[in-house]
Structure formats: structure tokens, C-alpha cells
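Here is a short tour of a metal site and a helix pair. Please have a look at the model before reading on.

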Amino acid sequence: MRYIVDHDLHSHSYISPCSRDDRQTKQAIYAYALASGYKLMALTDHGWDTKVDDKGAVGWVGNNMDRLRENLPLPQSKYCRFLMGCEIDMNRHGVFGLSPEERDRFEFIIASTSHLNLRHFTIDPETVGDDAASRKAYYQKRLHTLLDMEDLPFHKMGLAHFYTGNICNAEPIKCLSLFTENDLRDIFEKVKARGMGVELNFVPRAATAEDLEIVLRPHRVAKDVGCKFYLGGDAHHPERFAERRAEFETIVDLLDLRESDKWEFVPRMIAQETVGQ
Ligand SMILES: [Zn+2]
Ligand SMILES: [Zn+2]
């Protein structure tokens with residue numbers, strides 16, 4: 001059976017520093033989920049838990065976990081479950097920004113290793129260059145640092161946007177293209193072993209067919225090694241909602257995804273009843 005587009009596990013309310021959009025309320029996000037026919041939605045604002053050892057999140061320290069919880073309680077119905085999640089970075093010292101006690105308090109956690117645009121927070125510009133080769137090596141190292149952590153609740157964690165222009169704002173496609181087949185296999189075999197979901201987040205358009213193929217390639221390798229996928233729209237503003245569902249369908253077609261490729265977390269958490277039943 002073809003992969004069913006029935007969820008979106010990545011969204012930002014006005015609380016996220018990169019949204020700051022008063023229209024991006026929990027009610028608006030939930031209305032988008034219902035209008036899209038989703039059975040599962042997740043709110044995943046950016047945050048940095050001030051209880052972890054290193055408070056390296058420049059500008060984000062104000063977004064501690066209590067601030068994220070201001071959105072509780074989330075709207076719910078029997079048609080669509082709305083999960084309280086968060087999107088957490090790893091800082092330049094390899095510290096994941098969520099303390100063990102907080103890890104239990106979120107239903108879903110997105111781990112982001114690819115926000116390399118956050119200079120001095122996720123990257124030390126004194127030691128890592130802006131060129132594609134430097135960024136590729138650094139991003140690869142960060143992925144392994146995260147995946148080698150022993151105490152994270154990987155069963156309820158997603159790996160955020162493997163490809164985003166933020167990995168290397170100067171030459172993102174070139175940076176991505178530098179990952180060899182074996183580099184990708186080594187990463188995604190660990191993701192599979194950890195039981196993490198792989199996020200499908202990219203926009204299925206590119207300047208050229210060749211560029212699109214470069215963006216698709218890591219996801220094809222992930223699929224080949226047996227990783228499981230979830231959809232993450234990553235909307236920061238309401239305008240994105242209108243486009244995202246059709247883009248998800250295109251991604252499913254491009255990767256020829258089946259229901260068996262879906263991350264098990266989704267059916268486990270999903271609302272059991274659908275509209276009309
Ligand atoms: Zn992100
Ligand atoms: Zn995000």
C-alpha cells in the first residue's frame with residue numbers, strides 16, 4: 001500500500017524565535033491538521049533547556065521548556081491527536097539541549113543537527129569554514145555525535161531535515177553531494193538501529209533535476225538500509241500550510257514510499273477514528 005499522508009510531526013508556533021508570527025497559534029495549527037485530513041499532528045517549537053550543562057544557545061535561552069509549555073493544553077479531538085513535542089539542537093560542544101527529566105515530559109522530540117546557520121551556537125566559525133567541504137565534514141561529525149549518545153529516548157525521536165540549506169548557506173547542494181554512499185550508509189544504519197524516524201521535510205522542487213536527485217539521494221539510501229520515515233512540514237507561518245500537503249504527496253511519489261516505510265511511532269500515536277467513521 002502506498003504511504004498514506006496522514007500526519008505532520010513538525011510545526012512551529014509564535015513561540016519559536018524563527019516564527020514570531022502571532023497568527024501561528026495552536027488553534028491555527030490544529031485547524032490546518034484537520035483541514036488536511038491528518039490524524040496526527042505535532043507542535044515542535046524550538047527550545048533550549050536551561051537545565052543542561054552548557055547554555056550555549058545564543059538568543060534561544062529565553063525559550064526554555066516552561067516557555068514551550070505555555071501552549072498546553074493543546075486542542076484535541078477523536079479525529080486528530082495533537083502531540084506536544086519540541087525541536088532541540090545540539091550545540092557546538094556536542095551537548096543536546098534537553099535534560100533527562102525534560103525528555104520524559106515531551107511526547108515527541110525532533111533532534112536537529114543541521115542548523116549550521118546558528119553561528120556560535122551550533123558552530124564555531126573560528127574553527128569550521130563556510131565552504132562545502134568543511135561544512136560536510138562538520139555536519140557528518142555532528143550526526144555521529146548525536147547517534148552515539150547513549151541516553152536519548154530515540155524511540156520517540158525524529159532526525160530533522162537531513163537536507164536544509166542551513167547546512168551550508170554558501171553551497172548547500174554541493175555540501176550534500178560530498179556525502180559518499182558509505183558516509184550515508186554509516187549514518188542511516190545507526191538511525192535504523194536507534195529506531196529514530198527520518199523526517200521528510202525537503203521541498204520537492206529544485207533548480208535542476210540533478211539538484212533534486214542530490215537532495216533525494218540520502219533519503220533513498222535511508223530507505224535502502226531500512227530506515228522509517230515521517231512527514232514534517234516545518235511551517236513557521238500559515239501560508240506554508242496550504243502547500244505542504246501536496247508537497248508531501250510528491251515526496252511520497254519521488255521516493256516511492258509504501259506504508260511499510262512509515263515510522264512505527266506514527267500508527268502507534270495516531271488517533272484511532274477518522275472523519276466519517
Ligand atoms: Zn529545524
Ligand atoms: Zn523546525
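## Metal site and helix packing

At 0% relative accessibility, Glu87 is buried (buried means under 20% relative accessible area, exposed over 50%, partly exposed in between, with a 1.4 Å probe and protein chains only). This is a predicted model, in which local features need pLDDT of at least 70, side-chain atom pairs count only at pLDDT 80 or more, and totals for chains, interfaces and linings use all residues. Residues are numbered from 1 along each chain as its sequence is written, chains are lettered from A and ligands numbered from 1 in the order written, and side-chain values use heavy atoms, leaving out hydrogens and water.

Glu87 bridges the zinc ion (ligand 1) and the zinc ion (ligand 2), which lie 3.3 Å apart. Three protein donors lie 2.1 to 2.2 Å from the zinc ion (ligand 1); donors are N, O and S atoms within 2.8 Å of the metal (3.2 Å for Na, K and Ca), and water is not among the atoms, so sites may look incomplete.

| Donor residue | Donor atom |
|---|---|
| Glu87 | OE |
| His115 | NE2 |
| His161 | NE2 |

Along the chain, these donors follow the spacing E-x27-H-x45-H. Glu87 sits in strand β3 (residues 81-89) and His161 in the loop between β5 (157-159) and α5 (172-177), 74 residues apart. Helices (H or I, at least four residues) and strands (E, at least two) are DSSP runs, numbered from the N terminus. His161 is buried too, with a relative accessible area of 5%.
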